[in-house]
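Welcome! Then we can walk through a few of its parts together.

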Amino acid sequence: RRLVQFGFVSGIVMTVGLLTSPGVLGGVDAMASAPWYVNVGQVGGLGWAVLYPFWCIWLGRLLLSNRVTLG
């Protein structure tokens, strides 16, 4: 159950990264001139760089230990 909850949290943090899209599409070059939501969107990097790999390793360890099955 904790693995599923952690997966949802990781996905939500990665989704926050979509807030950077207007800055990318608008051609914002400096963080100082970026709107607040673009700066908040930088948190999304934490999701794919740290949380998601940790979740994958956790799932892999559970699958290899035969404590959980798919299907």
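## Starting from F6

Let us begin with one residue and its neighbours. Setting aside residues up to four places away in sequence, F6 touches L51, F54, W55 and W58. F6 is found in helix α1. Please keep in mind that this is a predicted model.

## Aromatic pairs

A pair of aromatic rings is described by the distance of the centres and the angle of the planes. How many aromatic pairs does a search of the whole structure find? The search finds 4. In one of them, the ring centres of F6 and F54 are 5.5 Å apart and the planes stand at 80 degrees; an angle over 60 degrees counts as edge-to-face, so this pair is edge-to-face. The pair links distant parts of the chain, since F6 belongs to helix α1 (residues 2–16) and F54 to helix α4 (residues 44–64), 48 residues apart.

Are they buried or exposed, or something in between? Y52 has 39% relative accessibility and so counts as partly exposed. W55, at 22%, counts as partly exposed as well.

## How α1 and α4 pack

Two packed helices are described by the angle between their axes and the distance between the axes. For α1 and α4, the angle is about 160 degrees and the axes are 8 Å apart. Angles over 145 degrees count as roughly antiparallel, and therefore α1 and α4 are roughly antiparallel to each other. The crossing of α1 past α4 is left-handed.

Which residues make this contact? From α1 come R2, L3, F6, G7, S10, V13 and M14. From α4 come G44, L46, G47, W48, L51, Y52, F54, W55, W58, L59 and L62. Sorted by kind, the residues of the contact of α1 with α4 are 13 nonpolar, 4 polar and 1 charged.

S10 is found in helix α1. Is S10 buried or exposed? Its relative accessible area is 2%, so S10 is buried. Apart from its neighbours within four places in sequence, S10 is in contact with G47, L51, Y52 and W55.

G7 lies in helix α1 too. At 25% relative accessibility, G7 counts as partly exposed. The C-alpha atoms of G7 and Y52 are 7.5 Å apart, although the two residues are 45 residues apart along the chain.

## Over to V40

Our last stop is V40, which is found in helix α3 (residues 36–41). With 37% relative accessibility, V40 counts as partly exposed. Leaving aside its neighbours within four places in sequence, V40 is in contact with V16 and L19. From C-alpha to C-alpha, V40 and S10 are 16 Å apart in space, and they are 30 residues apart in sequence.

How values were computed
Residues numbered from 1 in each chain as written. Predicted model: local features only at pLDDT ≥ 70, side-chain atom pairs only at ≥ 80, totals over all residues. Heavy atoms only, no water. Phe/Tyr/Trp six-rings, centres within 6.5 Å; stacked < 30°, edge-to-face > 60°. Helix = DSSP H or I, 4+ residues; strand = E, 2+ residues; numbered from the N terminus. Buried < 20%, exposed > 50% of the residue type's maximum accessible area, 1.4 Å probe, protein only. Axes fitted to C-alpha atoms, helices over the stretch in contact; angles between N-to-C directions. Parallel < 35°, antiparallel > 145°, perpendicular 65-115°, else oblique. Left-handed = near helix turned anticlockwise from the far one by under 90°. Contact = heavy atoms within 4.5 Å. Nonpolar A, V, L, I, M, F, W, Y, C, P; charged D, E, K, R; others polar.
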